Amino acid sequence: MTPSVRMRGIAASPGIAIGPVRIIDRQEIKISKRRIAASETAGEVARLMAAVAESRSQLLAAKEAIRDTGDSSSGDHSLILQAHLLMLEDVLLLEGASSIIKESLINAEWAFYKKSEEIKAALASTGDAYFSERAQDVDFISHRVLRNLMGHAMQIVDTYTDACIIAADKLSPVETTQMVGSPVLGFATEAGTRTSHTAIMAQALGIPAVVGIEQLTERIGASDIIIVDGNDGAVIIRPDTDTIEEYRARAARHAELEKKLLSDRERPAVTADGERITLLSNIEFPAEAAMALDYGAEGIGLYRTEFLYLNRTSLPDEEEQYNTYRAVVSTIAPRKAVFRTFDLGADKVFGNRKSREVNPALGLRAIRLGLQNREMFRTQLRALLRAAKEGTLQIMFPMISGVGELRQIKVMLEQARKELGETAPQSVHIGCMIELPSAVLVADQLAREVDFFSIGTNDLIQYALAIDRVNDHVAYLYTPFHPAILRAVKTVIDAGNQAGISVSMCGTLAAEPLMLPLLIGLGLRTLSMVPTSIPIVKAMVREIDCLEAESLAHQALELPTAVEIEDLVRFHVEKKLGPNFPNP
Ligand code: PEP
Ligand code: MG
């Protein structure tokens, strides 16, 4: 038997999964090229159309299956499948491939492959992140059609029927959403980082995941059993029976701990010395609002509204947005819900603009996009203001660099409020994300303009340390323990306290158990995170003593390197909670 292999990656989403692997290898199929006689063209076109029809019914069945699971976020996942279904009707693709069959006298597989490659290349050449993602969609669709044409079994997530763990070079956030209601137990990928949207999605859906494992798919055989340990970033290929037993026991302990923690969800998060900490939830889809409450969230600290704009061909209008936002607000009422205006751009782009951005993360994103597309932004502001009448809705602006932008937005918001008259509240709390180094440096000025700050560490670390948050090659440098990050967080908290406004954190860091004493020691009292992290963070809050935490933060701020800071914090946490915390 081939020996067992243990590989290390980045723990992207907690939990342990054990099971047979399904490898998604998009390079696997070999497309044959065959010349055909003129008399065969009609037959080839018919074969192609039959494969398209088969692909269509597979997607419809997947859509149906998702609906039948009754999963709360099924509507959003159906939308994604709907986008793929629409792509299957694309005239350019189907008529283009049929013409190639007829004109070049070539078989259906090759003609379809050639046409989809042509469309993919055209989309990718725009250099625009939105179109590049659409090129990926064309890739998935063409893969499905080609497999059907060639009679290959499908290896696409939404068609799996047996329990399995996916190993892939990379997975898109869309593929991750398709795992809902499927028998996929977990996944491991070669690409990816902890703060990529695929990882964020896996956390939201509660799917254990490890990412960033170089050469993973090469090391795995088709029928191997693998273990994915999303708690500590390990993947074990072909584990022996002892290891399987050990991980089963760990998984059982983890499940037991989760159950115990969940039973405590109604109890408030209070530190050992009586300090109240507020734990809020981050959500991407409206249906997650109810899930957030189930996990004990005291409100929504970040609703990433841009997900409403993705996987579709037209913008959501004011009415659709109003209804969506209203549903979230009323689910959460009387608790508060913080709605972030769309953070589109970079890896989440809607629209048909042909920007040729070389560095999209530094490009036309979030508020910059809103201020350039005022009608689109105005529509969202109006919908938000109307929904604010239904409960406690607060509006937060992403990627703010300084007061100038904020003032422009405030003028737009006030105009929208005046237009709406009675249908908008007299006032609404507004806040800004602090996720740019410039915002940290002018935090004192920003604090005079808003009601609250929320620190977005996913981007703050990316921009402060110049490390692309989705690039696994530099993921090892992406550390929250860098002294610059600690100082930045401290500066923002101090500025907020001085101005008397509230400061919270909604980046992934807010859910890191190891960071918690440091964050509380630095002065944070409100944290917003993926719903599934709330129980463990709440349990940990109860162990923390604020005075000890303050002294820890004080010592950490004096240290010059990330390694020293991490060692100090780890020593503190292990001394208090044991060496295996938070893993049982
Ligand atoms: C962040 O940047 O920390 C954040 C919360 O926003 P996003 O991850 O959506 O960029
Ligand atoms: Mg951000």
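Helix H7 (residues 197–205) lies across S2, strand S5 (184–189) and strand S6 (209–211), and runs at about 55° to S2. Contact here means heavy atoms within 4.5 Å, and axes are lines fitted to C-alpha atoms, for helices over the stretch in contact, with angles from 0 to 180 degrees between N-to-C directions. Helices (H or I, at least four residues) and strands (E, at least two) are DSSP runs numbered from the N terminus. The model is predicted: local features need pLDDT of at least 70 and side-chain atom pairs count only at pLDDT 80 or more, while totals for chains, interfaces and linings use all residues. Residues are numbered from 1 along each chain as its sequence is written, chains are lettered from A and ligands numbered from 1 in the order in which they are written, and side-chain values use heavy atoms, with hydrogens and water left out.

The sheet itself is open and has eight strands in the order S1-S8-S7-S3-S4-S5-S6-S2, with mixed pairing; two strands pair if DSSP finds at least two bridges between them. Strand S1 (5–8) and strand S2 (10–13) stand at the edges with a single partner strand each, so one side of each is left without a neighbour in the sheet. From one strand to the next, the twist averages 30°. Strands S7 (residues 225–229) and S8 (residues 234–237) run antiparallel and are joined by four bridges, with Ile227 opposite Ile236 in S8.

Turning to the metal site, the magnesium ion (ligand 2) is coordinated by Glu435 (OE) and Asp459 (OD) at 2.0 to 2.1 Å. Glu435 lies in the loop between strand S13 (430–434) and helix H15 (437–441), and Asp459 in helix H17 (residues 457–465), so the pair ties together parts that are 24 residues apart in sequence. Donors are N, O and S atoms within 2.8 Å of the metal (3.2 Å for Na, K and Ca), and because water is not among the atoms, sites may look incomplete. Glu435 is buried, with a relative accessible area of 1%, and Asp459 is buried at 2%; buried means under 20% relative accessible area, exposed over 50%, and partly exposed in between (1.4 Å probe, protein chains only).

Arg340, in strand S11 (residues 336–340), has 3% relative accessibility and counts as buried. Its side chain makes a polar contact with the side chain of Glu306 (2.6 Å); such a contact is a pair of N or O atoms within 3.5 Å, where within protein one must be able to donate a hydrogen and the other to accept it, and residues adjacent in sequence count only if both atoms are side-chain atoms.
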